[in-house]
Amino acid sequence: MEILIKTTNACNLSCTHCLDAANKNGKTISYPFELLETWLPKHANVAFFGGEPLLGDLDAMYQLTKKRQDCFWRITTNLVKPLTVLDIAVLRQMDIITTSFDIGVRFGSIKQLLTWMRNVKRIAKYTTATRRLNICMTKELLAKPNIEKKLLRLLEMLYFDEVFFSKIIDNGKDASNHQPSSQRQEEFMETFYKLSKHSIVNCCVDNIINTQYIEEYKDTPDCSSTSLTIHPSGNITTCSQFCEYADSFANIITDTYKETFNKRKLCRVHATCLTCEFFDVCEKSCWKEDWSKGCPYYKQFAHKIRTQEL
């Protein structure tokens, strides 16, 4: 079970596809943060996210991670803010640090991009976490010449360990204007994968290469069956995209972890996903996105890897 702790709704960026874009006055956690120390189960897989999680209560985050070192800690951060000593202290407690490189929808200026690059180098210097980069395949990014080689050089220069690619998801208002063609996304992934075979950067395709028993995934067909999201109010939902009030079914103050787990509200998976031969590749089908419109290129990519065409 993955437990997502939304430390704040606030964010310092204005990504056009995001629900929390430019939410400078977003709420931080209102429940007693120390409750998490006893609420979290042993050896939990826990992730801080937001908004921008580093705009939350850093001291409370640091104390929690120090006291619960049995847990596996992750954070997803934009790294576009001046990092303080306390920011670094929190990041040093993480097992995985994920950040994003989304040309066309993320960085509002060269200054933001340079801040991000400087901070990425700092976490490589001061932490031992696995450094993971998520690259959103936007139209603007994939239009650049030789972008596959340039990205690989960037990953190596900034000492990333892993890279993931994702399609742009319309959580905000403007994603459709940045969506490249399926054919271009397939070409990009194939070219990058071939180049990365000779790189120290791990292009994460393990779940494609290692065919899983698909029937097992059909018992837990979407992220609502394997995750819990604790919102700043203390309300709990399954999917992180759910409303913390209308869709909540528990609260960290009134419900234990076991009670929360047993009260989960699960989503309905898309029927077409359950019959797909690559259902174990995407692992979970999203209630919000009709992946049948956005995954043909990924199916082709997965097929070529499994048949060793790449």
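Visitor: Where is Thr77 found?

Guide: In this predicted model, Thr77 is found in the loop between strand E3 and helix H3 (85–91).

Visitor: Why is Thr77 called buried?

Guide: The term buried applies under 20% relative accessible area. Thr77 has 3% relative accessibility, so Thr77 counts as buried. Beyond its neighbours within four places in sequence, Thr77 is in contact with Glu52, Pro53, Leu54, Ile97, Thr98, Thr99 and Ser100.

Visitor: What makes Thr115 a buried residue?

Guide: Thr115 is placed in helix H4. Its relative accessibility is 12%, and therefore Thr115 counts as buried. Setting aside residues up to four places away in sequence, Thr115 touches Leu79, Val80 and Lys81.

Visitor: How do you know that the pair of Phe48 and Trp73 is stacked?

Guide: A pair of aromatic rings is described by the distance of the centres and the angle of the planes. Ring centres must lie within 6.5 Å to pair, and planes under 30 degrees apart count as stacked. The centres of the Phe48 and Trp73 rings are 5.3 Å apart and their planes are at 20°, so this pair is stacked. Phe48 belongs to strand E2 (residues 45–49) and Trp73 to strand E3 (residues 72–76), so that the pair links distant parts of the chain, 25 residues apart. Phe48 and Trp73 are both buried.

Visitor: Why is the pair of Phe165 and Phe188 called edge-to-face?

Guide: Planes over 60 degrees apart count as edge-to-face. For Phe165 and Phe188 the angle between the planes is 90°, with 5.0 Å from centre to centre, and the pair is accordingly edge-to-face. Because Phe165 lies in strand E6 and Phe188 in helix H7, the pair ties together parts that are 23 residues apart in sequence. Phe165 and Phe188 are buried.

Visitor: How many aromatic pairs does a search of the whole structure find?

Guide: The search finds 11 aromatic pairs. One aromatic cluster is formed by Phe101, Phe107, Trp116 and Phe160.

Visitor: Which residues have the most contacts inside the largest nonpolar core?

Guide: They are Phe101 and Trp116, in a core of 67 residues.

Visitor: What puts the buried residues of helix H6 on the same side of H6?

Guide: In H6 (residues 147–157) the buried residues are Ile147, Glu148, Leu151, Leu152, Leu154 and Leu155. They cover an arc of only 160° around the axis, which puts them on the same side of H6. These residues pack against several elements, including strand E4 (96–101), helix H4 (110–126), strand E5 (130–136) and helix H7 (182–196). Just after H6, Tyr159 takes a positive phi of about 65°.

Visitor: What makes the charged end of Arg264 count as sitting over the ring of Phe261?

Guide: The distance limit for a charge over a ring is 6 Å from the ring centre. The charged end of Arg264 sits over the ring of Phe261, 4.0 Å from its centre.

Visitor: Why is Cys136 called buried?

Guide: Cys136, which lies in strand E5, has 4% relative accessibility and therefore counts as buried. Cys136 and Ser166 are 30 residues apart in sequence, with their C-alpha atoms 4.9 Å apart in space. Leaving out residues up to four places away in sequence, Cys136 touches Phe101, Asp102, Leu141, Ser166, Lys167 and Ile168.

Visitor: How many disulfides does a search of the whole structure find?

Guide: The search finds zero disulfides. Cys11 has a relative accessible area of 9% and is therefore buried. Cys71, at 5% relative accessibility, also counts as buried.

Visitor: Why is Arg106 called buried?

Guide: Arg106 is found in the loop between E4 and H4. Its relative accessible area is 15%, so Arg106 is buried.

Visitor: How many helices and strands does the chain have?

Guide: The chain has 13 helices and 10 strands. Buried residues make up 53% of its 310 residues.

Technical notes:
Residues are numbered from 1 along each chain as its sequence is written. This is a predicted model: local features need pLDDT of at least 70, side-chain atom pairs count only at pLDDT 80 or more; totals for chains, interfaces and linings use all residues. Side-chain values use heavy atoms; hydrogens and water are left out. Buried means under 20% relative accessible area, exposed over 50%, partly exposed in between (1.4 Å probe, protein chains only). Helices (H or I, at least four residues) and strands (E, at least two) are DSSP runs, numbered from the N terminus. The arc is that of the directions from the helix axis to the C-beta atoms. Contact means heavy atoms within 4.5 Å. A nonpolar core is a set of buried Ala, Val, Leu, Ile, Met, Phe, Trp, Tyr and Cys residues joined through side-chain atoms within 4.5 Å. Rings of Phe, Tyr and Trp (its six-membered ring) pair if their centres lie within 6.5 Å; planes under 30 degrees apart count as stacked, over 60 as edge-to-face and the rest as tilted. A charge sits over a ring if NZ of Lys or CZ of Arg is within 6 Å of the ring centre and within 35 degrees of the ring normal. A disulfide is a pair of cysteine sulfur atoms within 2.5 Å.
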